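Here are my notes for your first read-through. Keep the structure open and check each point as you go.

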Amino acid sequence: MNRTVFPHKLLPWLLVTPQLAITVIFFYWPAAQAFRQSMLREDAFGLSTSFVGFSNFRRVLSDPNYLNALQVTVIFSILVAFCAMSIALFLAVQAEKIVRGKGFYRTMMIWPYAVAPAIAGMLWLFMFNPSFGTLAWPLRQLGIAWNPLLDGEQAMGLVVAASTWKQISYNFLFFVAGLQAIPRSLQEAAAVDGASRRHAFWTIVFPLLAPTTFFLLVVNTVYALFDTFGIIHAVTGGGPGKSTETLVYKVYNDGFVNLIMGDSAAQSVILMVIVIGLTAFQFRFIERRVHYG
Amino acid sequence: MKAISLWVAGLVSLPFAAHAQTEISWWHAMSGANGEVVEKIASDFNASQSEYVVKPVFKGTYPETLNAGIAAFRAGQAPDIMQVFDVGTGVMMGAQGAIKPVAEVLTEGGFTFDKSQYLAGIVGYYSSPEGEMLSFPYNSSSPILYYNKDIFEKAGLDVNTPPKTWAEVWAAARKIKESGAANCGYTSTWLTWIHTENFAAWNNLPWATNENGLAGTPELKIDGPLFIKHFQELADLAKEGVFVYGGRTSEAKQNFTSGECGILTESSGGLGDIVKSGMNYGIGQLPYDETAEGAPQNTTPGGASLWVMAGKSPEAYKGVAAFFNYLSQTPVQQFLHEQSGYLPVTNAAYEATKASGFYDKNPARETPILQMSGKTPTENSKGVRAPNLPQLRDIQNEEYEKMLAGQQTAEQALKNAVERGNAAIKQASGG
């Protein structure tokens, strides 16, 4: 293979400088600060600082509340990623079948993506507020003791539903694009061979969608881990008890509410390691099975 | 050349501008009607003299304001005055190098600072263990009982006698539920502030050792027999559906204003929303436990105070002193008290409000003041302080929620809250 050689030495660097600057300022610098802080013990105002090595990490990892947050995060992320992707795929396939008003349906489907997480959280909070929520009333008429303020599982269901609802639009958009890229001829051939629609979907369409699905898996995992903070903050605040306190929420709570900077920084470093590891794992093991057309 | 001459001109004119008016920044957390009061006080002060300009900036909720102030301090951009809520008092007191005591600012500014002019219960809370006033009490409140007179009437209860003790509250709440007058008998905001910290002070029980932390590092005592009894009764009522839990802060107010619950315990500062809802309400003192010795004692102040940040110029401190002096004046205090439902902080303002006949027209508005200063505070009732009070409240809320959901008894909940709380205090105070 021929190596492309650029005649200028300076120009390429100049062209990537803006991107490098953004990466350094908004990623490496804060990450380095988090590393530094995670080894320190400091009061909120930064008046007294002492180096404590890894003792913040040791304390965080031996804290049963941290393990609880880890468990909550795993359950929450799997539920959100799975529900958001499967519902979006179902809707995308259905929307493809529509003959009239396709554009209208698509626009309506994409709408929730424009809603800010905190506002989405407030919407769900009001709809399902046990005392005056419009949708809590029918639940209670059905004989369900609806009270997410005290029932941890219901609270989890509520934040999962709100986070899923918010992410479906994004997934829908990519699935629609992915479906349009699949040649009609393949499906028509399958139909001629007498394959049922369901069979054709699972053996032809779904495997061909794999690149899209894989991309969305990575994006949804990161979304469930980080971007759902606003929703959790607005809907449950991590409660009741600690039943909806995810790792990110705990970083916020320990750092900005309880002002324990060292522990909070140590947790964010651990979180960074988890995300890097998870993404590496996805690319290493799952991507192998993805077939790029 | 032109740029340089402009720069020189700017340099020359700068000292004159600074001399003309010193700007004092004031970060606060008051929104809605209370935010308008802040703006009015600042603009009236600015109009009253020409040397200083106070610039109030709204920074969000109480915790958000505190965080913004801390972040700004770390970046060397702290405001001159910062409003910090009661719970953040311990955090600010621990930050010796970050703040300048208010008593010092006032005396250096040439004002004589006489502590006896201020309501004792409030000033005591914002003073160091040595008695030096560290922050300026701006808005103080106290928890009281609100009840829906229409629901009381429907349930066959006396609309003119609010329940005085917790036992009476439970009985009234059960009657409201059983008679079908409302779906829920009783609800409460802030289980930590009202049912834990004020429950202790009002019933003269220790919340923690070392004078509730005012005299040193505290060790929690909230698993005493009366606490256990009180919370078990609350848990039982929750199971019967008589007591409805609204949330960790002031969410439960909505359960009351929507007419779902007949009785509410809430801050006196929450009066505005209840008046706005247009309901037929009555006010009573915070209930006490009749089996507690010496109850009712006195309640402790909630709300917020103004802290002066360290490292500012002498002119800025003079301006802050002048502003605090203005804030202490009787008409200003009276305005603040009558507009916002918060308590006046000087005795003179209280007397003036009384003399104006305001309490004759609004008798309930005096309730929180009588509650707070009816008796000389004991070491159980001066207030509570810990280096990490927000965290302690979080822990308590988590345990209370598990208890109300029926996952544990009141005894387990309180024992856990004490154990986890003490471990957190130890860590926070460097143990």
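1. Start with one arginine. Arg140(A) sits in helix H6 of chain A, which covers residues 136-141. Remember throughout that this is a predicted model.

2. Is Arg140(A) buried, partly exposed or exposed? Its relative accessibility is 37%. Buried means under 20% and exposed means over 50%. Arg140(A) therefore counts as partly exposed.

3. Now look at the neighbours of Arg140(A). Leaving out residues up to four places away in sequence, Arg140(A) touches Pro130(A), Ser131(A) and Trp146(A). Take Pro130(A) as an example. Pro130(A) and Arg140(A) are 10 residues apart in sequence. In space, their C-alpha atoms are 8.8 Å apart.

4. Step back to chain A as a whole. Chain A contains 13 helices and 2 strands. Its C-alpha trace spans about 75 × 75 × 30 Å along the principal axes. Of the 293 residues in chain A, 41% are buried.

5. Next, contacts in chain A. Consider those with a separation of 6 or more. Residues 24 or more positions apart account for 69% of them.

6. What about the surface and the charges? The accessible surface of chain A is about 16900 Å². Carbon and sulfur atoms supply 70% of that surface. Chain A carries 20 positive and 13 negative side chains. The centres of these two sets are 9 Å apart.

7. One cysteine in chain A deserves a look. Cys83(A) has a relative accessibility of 24%. The cut-off for buried is under 20%, so Cys83(A) counts as partly exposed.

8. Move on to the disulfide. A disulfide is a covalent bond between the sulfur atoms of two cysteines. How many does the structure hold over all chains? The count is 1. The bond joins Cys184(B) to Cys261(B), with an S to S distance of 2.0 Å. The pair links distant parts of the chain, 77 residues apart. Cys184(B) belongs to strand E7 of chain B, residues 184-188. Cys261(B) belongs to strand E9 of chain B, residues 261-267.

9. Why is this disulfide called right-handed? The torsion about the S-S bond of Cys184(B) and Cys261(B) is about 110°, so the disulfide is right-handed.

10. Finally, check how covered the two partners are. Cys184(B) has 0% relative accessibility, so Cys184(B) counts as buried. Cys261(B) is buried too, with a relative accessible area of 0%.

Key. Residues are numbered from 1 along each chain as its sequence is written. Chains are lettered from A and ligands numbered from 1 in the order in which they are written. This is a predicted model: local features need pLDDT of at least 70, side-chain atom pairs count only at pLDDT 80 or more; totals for chains, interfaces and linings use all residues. Side-chain values use heavy atoms; hydrogens and water are left out. Helices (H or I, at least four residues) and strands (E, at least two) are DSSP runs, numbered from the N terminus. Buried means under 20% relative accessible area, exposed over 50%, partly exposed in between (1.4 Å probe, protein chains only). Contact means heavy atoms within 4.5 Å. Accessible areas come from the Shrake-Rupley method with a 1.4 Å probe; for residues, only the protein chains shown count as cover. Lys and Arg count as positive and Asp and Glu as negative; His and the chain ends are not counted. The place of a charge is taken as NZ of Lys, CZ of Arg, CG of Asp or CD of Glu. A disulfide is a pair of cysteine sulfur atoms within 2.5 Å.
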